Amino acid sequence: MNHAYSCRGHNSWNEKIAIMSQQGYVAAPPYSQSQPGIGGFGPPNSSIHYGHYGDPNSSYSPQPGVSKSAVPFGSPAPVGPPPAGAQQFSQTSFQNGSGTPGQQPHRFQGPSPPSNTGPSYPPFSHQSQAAFPNTAPASSTAQLADQLNSMQINSYGPGTAPSSGVSPGHPAAFQGPRLLPPSQQQMGLPPAPQLPPPPTNSINGLGAQPALPPMARQGGIPGPVPPNPNLQHLPGQPPGPGYHPQQANYGPQMAASQLSYPGAFPGPAQLSGPPQKKLDPDSIPSPIQVIENDKAARGGQVYATNTRGQVPPLVTTNCVIQDQGHASPRFIRCTTYCFPVTADMAKQARIPLAAVIQPFAAVPPNETPLYLVNHGETGPIRCNRCKAYMCPFMQFIEGGRRYQCGFCNCINDVPPFFFQHLDHMGRRIDHYERPELSLGSYEYVATLDYCRDKKPPKPPAFIFMIDVSYRNIKSGLVKLICDELKTLLDKLPREEHEESSAIRVGFVTYNKVLHFFNVKSSLAQPQMMVVTDVAEVFVPLLDGFLVDFEESRSVVTNLLDQIPELFADTNESETIFAPVIQAGMEALKAAECAGKLFIFHSSLPTAEAPGKLKNRDDRKLLNTDKEKTLFQPQGNYEALAKDCVTNGCCVNLFLFPNQYMDVASMGLVTMYTGGTLYKYNNFQLETDSPQFLSDLRKDIQKKMGFDATMRVRTSTGFRATDFFGAIYMNNTTDVEMAAVDCDKAVTVEFKHDDKLNEDAGALIQCAVLYTSMSGQRRIRIHNIGLNCSSQLADVYRTCETDALINFFAKSAFKAILSQPLKTVRDILMNQTAHMLACYKKNCASPAAVSQLILPDTMKVLPVYMNCLLKSCVLAGRPEIPTDERAFHRQLVMAMGVADTQLFFYPLLLPIHSLDLKSDVVPAAVRCSEERLSEGGAFLLANGLSMFLWLGASVSPELIQGLFNVPSFAHISTEATSLPNLDNPFSKKLKHILEQIQSQKPYTMKLMIVKQREQPEMLFRQFLVEDKSVYGGASYVDFLVCIHKEISQLLS
Ligand SMILES: [Zn+2]
């Protein structure tokens, strides 16, 4: 399939930019260096050097002074001095701002606007039928066309106005030593104009402005963006002449020369004049098309995992998965299902070789749950040498008396009790009767050898730890939690065959001190024990602290009734935090069980105690080498996390901040212990309770494993080298998790240590030793076999972009703890270009230099990569609260492939076109303003946030049907849910909302957004194909950029 897009009607734009998708094309003739004139653009031997995967010394190095600028990729659009009202999310601001009437708390605290002077949307024209009118002066595609035109004009165009097309703020963009050779011009994708970085002092200046709370302003919501002169005319800065390539050391897999991104952020460079030419956005690869094609081809079918190396349906495709020898893609997805045979090949392609493992992924009711195999006292059958567990990759020989390990090739004796004859095919005749012989995934009952101290584990416990400081009491949160627990404790998770849950419960409240409660069933009243020595926390009681809810129901209910009363008159506003975790952990330790803490906390812990935190939110650090410190924890939280993991103590944290809370520190223990972090900014009882309670209910009922250790074994020739996730690593091989639930995924990277064998393939076995909810020690085993090939085309053909993005996101989000964000962004960009350049060079048919060629499986890699690069974690903006970035970082680290896919490329559904007669959800549309329409209504969801966007001329029938009000003007945007109305349209939409929600770990609060009203700004950030209002490149601009990088790599 060839996509071609061209700039229509412009005569100097005569070369097509073809984006070709190729599948299965093998080994084109050697790439010829056909661009003699282009020498100035790359190292003379760059085609030899590029792609030395993992070798920092031989990677492609950009040349200084050419078209590279020092603009960091993902660097913000320049912002001038802020208008009055621009502010930061600072302690002062939120103290002032909390509780302001009319504010709209959001899970994602929206950035503040560059301007708060009244609405400045262009007047709405009823004539503009075509599309949603651009609020930016020109759409990104139009801009691109203009930029391209300008390029041509300025550099080569005969006799046209030299600089009229360029914003005066960017004198450097088209000047300097940049006489592009004609061949470069004909590429059709000339360098995009460069945007100089904002002078540091402009950022500092912004940060130094007196802060006003965003919520304190009229309307409470960031206003529209341009037109704001500050955004458009920034003092230019020539591309950094002193640019020095530097070595990046972002994990071995990503070692690369640093690459700086010219023009990736053309930013607000508005080219004057009306947009004349438009690139057709339909001609560039569409994620929606890819998703829909896969749904059409594979949706609703049975996918049997009977073939090594087969590529599963996309995560967005619903199908029934049947385990026939390899783990379901629900449990394991890989970046490629065919590994290159040699390390050299891997270095050449620079495709990360990784598996995203979600060991406890939920299995839908129409698929078979995992079998539990019990070999009694003998325990699991394992290879003597490599300790791999029995699985379909073991080859039985000598009439069934021995077997050869598929992982290390060791010949093992078959234990007598396990002996079985082989059939004429050499297969055991009980093959299909034993899960461990025929299935990709199953569980073993573990013996005492697998237990702590060789003692059977006790059932796990949940400890509820409630911050009862002044604010939580006052807001009604404490009462809300206590009331909910009374009914929720009846729904503790249990095994399918059990009548009641084995999980025990305990209760602690705290402010500056800790209160433990004795809720023993024999008591008439609960008893409180206060621990004031928070420096050396001890557990004041053992007996009666952790109880069976059934048995102690009356005492527990009594306690939950009393807690809000007990602290009703408190004026204590200071809290402790680390001692709370410590206390919970000590309690579990004393009870000799694993478990989970549920901590409900609302403020920065400033009381004098271990783990005391101070406000260190300094946004002057953005875009400096010290930005990484914002994500690093303060104090001793890392050691505390390690202790928790050692003791099987998982920490779930529910945060209710109304100011900076240092999520980077407070959330650390949660992340390392496999817990889940929830955050409700400016929590308001009336509007936010449903979301919080839904999260709490889901979380308490989640199926999970406790006190877990995961080990990934591989067949010879490669091994697991890096692990990314909500995990703790005590050594280089064992992934420790205090707990692991159905939503948590660990991303594992593999490296060669020898040549792989095409016949044997690349086999992976993931074993998770854990304690079940009933207190049984088990081993959950997932096996998957991948192919190996000496043909790069085979590797590319079996790539999975969704898994690649999961890997890139996690590896980058890990790397920002130790490296400047700019370096991390550059490496991502560099690696993307390398992967695609290698494909073009080695796998594509000889193509014109001008063509951007994307492998079929990576068609949407650029758009997804761009979404990652401009995510708030990687592209810091002063408007985005640091806590929000730390929160997103921690969330993504634990995500599986489906969650990262939706998070980086949100779902945008046109709901005005719902077919009421069918159950089918309408096809999504691309996340771009151009896909919206005045008369439409669109639902957007990314797993954390959900919006219902209503076009200004949406039909009154639709408004009536959804909101039961007569007109657009009557719709309240304060609502966080839709009313329950008795009409098919409303019911259908509610059903769709539930469907979207049901598959996601976090409850999304619905925000209603009206076209051209202020909160629209929040919504627009999620239109990820467009240029971000805060500086992220549009999809089209990014393609231009990546194409240019590829061309340079290949030149
Ligand atoms: Zn072995």
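Residue numbers start from 1 along each chain as its sequence is written. Because the model is predicted, local features need pLDDT of at least 70 and side-chain atom pairs count only at pLDDT 80 or more, whereas totals for chains, interfaces and linings use all residues, and side-chain values use heavy atoms, with hydrogens and water left out.

The protein has 27 helices and 33 strands, where helices (H or I, at least four residues) and strands (E, at least two) are DSSP runs numbered from the N terminus. Of its 1051 residues, 63% count as buried, a term that denotes under 20% relative accessible area, with exposed meaning over 50% and partly exposed lying in between (1.4 Å probe, protein chains only). Among contacts (heavy atoms within 4.5 Å) between residues at least 6 apart in sequence, 77% join residues at least 24 apart.

The zinc ion has as its protein donors the SG atoms of C383, C386, C405 and C408, which lie 2.2 to 2.3 Å from the ion; donors are N, O and S atoms within 2.8 Å of the metal (3.2 Å for Na, K and Ca), and since water is not among the atoms, sites may look incomplete. The angles among the four donor atoms run from 100 to 115 degrees and the site is tetrahedral, a label given to four donors if all angles lie between 85 and 135 degrees. Along the chain, the donors follow the spacing C-x2-C-x18-C-x2-C. Distant parts of the chain are linked here, in that C383 belongs to the loop between β10 (372-373) and β11 (395-397) and C408 to the loop between β12 (402-404) and β13 (411-413), 25 residues apart. C383 counts as buried at 1% relative accessibility, and C408 is likewise buried, with a relative accessible area of 10%.

A nonpolar core is taken as a set of buried Ala, Val, Leu, Ile, Met, Phe, Trp, Tyr and Cys residues joined through side-chain atoms within 4.5 Å. The largest such core holds 244 residues, of which F507 and F692 touch the most other members. Helix α20 (residues 821-842) supplies the largest share of this core, ten residues. With neighbours within four places in sequence left aside, F692 is in contact with L477, L480, I481, F600, F654, F656, Y680 and F683. A second, separate core of 27 residues includes A388, C391, F418 and L769.

R778, in strand β28 (residues 777-789), is buried, with a relative accessible area of 7%. Its side chain makes polar contacts with the side chain of E443 (3.3 Å) and with that of Q776 (2.7 Å), a polar contact being a pair of N or O atoms within 3.5 Å; within protein, one must be able to donate a hydrogen and the other to accept it, and residues adjacent in sequence count only if both atoms are side-chain atoms. Beyond its neighbours within four places in sequence, R778 is in contact with residues including L372, Y444, E495 and L769.

Helix α25 (residues 984-998) has 15 residues and reaches 21 Å from its first C-alpha to its last, close to the 21 Å expected at 1.5 Å a residue, the expected span being 1.5 Å times one less than the number of residues. At the start of α25, a side-chain oxygen of N983 reaches to within 3.0 Å of the backbone nitrogen of F985. The buried residues of α25 are F985, S986, K988, L989, K990, I992, L993, I996 and Q997, and what covers them includes α17 (685-701), β30 (907-910), β31 (937-941), β32 (945-950) and α24 (956-963).

Two of these covering helices hold residues that are not buried. In helix α24, E957 counts as exposed at 59% relative accessibility, and its C-alpha atom is separated by 8.8 Å from that of S967, ten residues apart along the chain. In helix α17, Q701 counts as partly exposed at 34% relative accessibility. Apart from neighbours within four places in sequence, Q701 is in contact with L488, K491 and P493, while the C-alpha atoms of Q701 and D490, 211 residues apart along the chain, are separated by 9.8 Å.

Conventions: Tetrahedral: all angles 85-135°; square planar, octahedral: opposite > 155°, others 65-115°.
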